[in-house]
Amino acid sequence: MAKAKAPAKKAAAKKTSTKSTSRKVAPKKDAATELMELFEHGLKDIYWAEKALVKALPKMEKNASSPDLKKAIAKHLEETKGHVSNLESVFSIIGKKAQAKKCDAMEGLLEEGKSILEETSIGAVRDAGIIAASQKVEHYEIATYGTLATYAKALDLKKAMTLLLETLDQEKNCDETLTDLAKGGINLDAID
Ligand code: FE
Ligand code: FE
């Protein structure tokens, strides 16, 4: 009988905690009140992320063993530098100074990328890990640029939209290249 009572208590506690977290969150003083502010906030976030990637990618390249994977990372490092300058152009289009705001999501993804290096032996297994971590980063960027390009369109910022779509294309291509490398041999090499 004592056993049957315990889960009931647990369920009640869970119910209470759901109630306390389901309230509407009070906005901060500087909270965005219109789409343009949300756009600017997103730009600052991904600007931080792209600059962090420029610093992180050389380590990934150094840790990769497959020459094709090294080449793909080196190519994307150059593209990433272009993403930084594309964002600077978008900031100037909206008449704002380029400013980076720490992106918690990218910080977490890069932390995960670092741990995968320690958790894998050098060779195909580490390469497979690098691909996995990199694809999470690319998917985050794809989601972000898709959103920002859509905002730019809604805000009638055509030039900004073109720049964001150009970056989006390169993120998608990078993601596809990584899939091809994984399927094209690295995953199978990592089995043995
Ligand atoms: Fe990028
Ligand atoms: Fe990227």
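Visitor: How far apart are Glu138 and Glu141 in helix α5, counted in helical turns?

Guide: In this predicted model, both residues sit in helix α5 (residues 124-154), and because they are three residues apart, about one helical turn separates them.

Visitor: Which residue bridges the iron ion (ligand 2) and the iron ion (ligand 1)?

Guide: Glu141 does, and the two ions lie 3.3 Å apart.

Visitor: And what coordinates the iron ion (ligand 1)?

Guide: Glu50 gives two OE atoms, His83 gives ND1, and Glu141 and Glu171 give one OE each, at 2.0 to 2.4 Å. The sequence pattern of these donor residues reads E-x32-H-x57-E-x29-E.

Visitor: Which parts of the chain does the pair Glu50 and His83 tie together?

Guide: Glu50 belongs to helix α2 and His83 to helix α3, so the pair links parts 33 residues apart in sequence. Glu50 is buried, with 0% relative accessibility, and His83 is buried at 1%.

Visitor: Let's turn to the nonpolar side chains. Which residues touch the most other members of the largest nonpolar core?

Guide: The general idea is that nonpolar side chains tend to be buried together in soluble globular proteins. Here the largest nonpolar core has 27 residues, and Phe39, Leu43, Leu87, Val90, Met106 and Leu164 touch the most other members. Elements giving two or more residues to this core are α2 (35-63), α3 (67-93), α4 (104-118), α5 and α6 (158-191). Helix α2 supplies the largest share, eight residues.

Visitor: What is Val90 in contact with, leaving aside its neighbours within four places in sequence?

Guide: With those neighbours set aside, Val90 is in contact with Phe39, Leu43, Ala160, Leu163 and Leu164.

Visitor: How many residues are in the other core that lies apart from this one?

Guide: That other core has 15 residues, including Leu57, Leu178, Leu181 and Ile186.

Technical notes
Residues numbered from 1 in each chain as written. Chains lettered and ligands numbered in written order. Predicted model: local features only at pLDDT ≥ 70, side-chain atom pairs only at ≥ 80, totals over all residues. Heavy atoms only, no water. Donors = N, O, S within 2.8 Å, 3.2 Å for Na, K, Ca; no water. Helix = DSSP H or I, 4+ residues; strand = E, 2+ residues; numbered from the N terminus. Core = buried A, V, L, I, M, F, W, Y, C linked by side-chain atoms within 4.5 Å. Buried < 20%, exposed > 50% of the residue type's maximum accessible area, 1.4 Å probe, protein only. Contact = heavy atoms within 4.5 Å.
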